[in-house]
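Colleague: Before I use this model, I would like to go through the terms in its description one by one.
Modeller: Go ahead; each term can be set against its cut-off.

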Amino acid sequence: AVLSVVAGSPGAGAAALRRCEERATCWECTATPRLHLFNTTYQLCEWCSGRCGPQPSRLDPSPALACPSDEDPVRFEVECPMPAEDLPALPVDSILSDWMGQMAPVLDPLPLLALSLPGTHDTLTYELSTVLSDGEVPDALREYERFDGINDFIRWQAQTHALDISSQLENGIRFFDFRMMYESDLGDWYSEHTIQSKRTTVHYLTEMRSWLDAHSSEIIVLWLSKHGNTCNKGDDQYTNVSTEEKQNMWQRIQEIFDGLLVDFSVTSINSTSLADMKQRGHRVVIYAADYEEMTSNSSLALDACLIDNILGTQAYKDDGAWLRETFNSSQERIASDMLEQRLMLVSMAGSAGNQQIAAAAVNRFAGTSIPCPMALSPLPNFTTWCPETLLDLAQLENYYGQRELEWAVVGGYGLPNAIYINGVDWDGTIRTGTKMPYGTPRSPDPDHQISRYAYVATFLSWNYQLACRSVDCSNQGDLAGRIEAQRAKYPLGSWDDEPYGRSRIEEAAGATRV
């Protein structure tokens, strides 16, 4: 449907497309005439992290650009991407990288399911290739792969983060929405979100293991699935993947995390203290979809059906009402879920609607611009620009969602066991401004392009509050002050930039605490 909107757009052609050489910030960009979707030629930008060579790449037999064998060229026919921001190392006194260890005096007496964990949605999409994933894409869409830029466009509608997995861990993330699929043509498992990852699933899991070995106080939770479904089984979960292939993957996971997987015949995350979990070396909690076929009912994982995955309305659509109600009742729901080792998980990650994707496609391929006020109608005066990528939408959602996180913690209402969200950024933040991590600023407003909110530190603040209800916190020195100082670096931000969806947000309405 999106592509037919694009194909029927008037004024299609290369004239409106910006040439590579107009962008001084390109990475080894080469301008090469190519066939456009509309049978016109245009200038194509290709790059592979600044490295080029004479041999053909895997996706393109022409010798225009060659990348290392493990890296596909990324193509932009509208404009060249800006390089990833050069993020500094976290301050040496940062609480984020080892927050479970630094908060151990107050958190260690508690079971894991008493805590709230900051998480990421579609964790591994920071490194997508331009190859469509098995079992995910309709055959009709694959017909369009012959046109340059289509798969790259899909990639931008699938990427949810810019931080890699080690950076997410280092910045305090502890819950991971780990999507994976067996790619039959490659004979291995890859992460996916319509587009498959550049590297194998084993590569990312091994990276996580290396990080955990260097941070002995930290515990993580992994939800393994194909597309975020908790209870689908067999082909409904992993299409056309044999039980043998699933169990081979599970064996590799056990080998990677050998000595760190929670053995649920010994440990219960609803009653075993964090201190005992660490003492036993039980620091990797896995909720596995298709549990029986994947793990053969292993005691080293829990069935993903035990995830109480709560999906609802994005804050910009209902002024935050659904999130406030969900947070308000979270402690009551957690108490019930804990009895069965269920994890209360709340999504603050939206997905792009058809109108938004169609508008983005027309803008990219036809060189024209159409608004999408119907799709984002609650936002005032938001009629001249439509989010061009999933990360654009994520940062808009985060702008309105930050208020509800602030409300839940400052008001003492509470958070779920975990939240998964898009647009996680450096220093434990979520990005709320209008500049993309890999792209030019959308809005000319210079003051709020990289605005951020203290996502991880807000969870730490809540965990501290919660722990102090049962643990004496009077002798914890400046721990609370350090947490609040981290939050104060990235406070709730509000401003007016209505053409780009940001309207000044009022303080959240009160509610009777459950």
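Colleague: Which residue does a disulfide join to Cys468?
Modeller: Cys473, with an S to S distance of 2.0 Å. A disulfide is a pair of cysteine sulfur atoms within 2.5 Å, so this pair qualifies. As for the source, this is a predicted model, in which local features need pLDDT of at least 70 and side-chain atom pairs pLDDT 80 or more, while totals for chains, interfaces and linings use all residues. Residues are numbered from 1 along each chain as its sequence is written, and side-chain values use heavy atoms, with hydrogens and water left out.

Colleague: What makes the disulfide of Cys468 and Cys473 left-handed?
Modeller: The torsion about its S-S bond is about -105°, so it is left-handed.

Colleague: Why is Cys473 called buried, and why is Cys468 called partly exposed?
Modeller: Buried means under 20% relative accessible area, exposed over 50%, and partly exposed in between (1.4 Å probe, protein chains only). Cys473 has 16% and therefore counts as buried, whereas Cys468, at 27%, counts as partly exposed.

Colleague: How many disulfides does a search of the whole structure find?
Modeller: Two. In the other entry, Cys231 and Cys305 have their sulfur atoms 2.2 Å apart. Cys231 lies in the loop between strand S10 (220-225) and helix H8 (243-256), and Cys305 in the loop between strands S12 (302-303) and S13 (307-310), so the pair ties together parts 74 residues apart in sequence. Helices (H or I, at least four residues) and strands (E, at least two) are DSSP runs, numbered from the N terminus.

Colleague: What makes a set of residues a nonpolar core?
Modeller: The members are buried Ala, Val, Leu, Ile, Met, Phe, Trp, Tyr and Cys residues joined through side-chain atoms within 4.5 Å. The largest has 123 residues, and Leu222 and Tyr287 have the most contacts inside it. Apart from this core lies another, of six residues, including Leu128 and Ile150.

Colleague: Which residues does Leu222 touch?
Modeller: Among them are Phe176, Phe178, Met208, Phe257 and Tyr287, leaving out residues up to four places away in sequence. Contact means heavy atoms within 4.5 Å.
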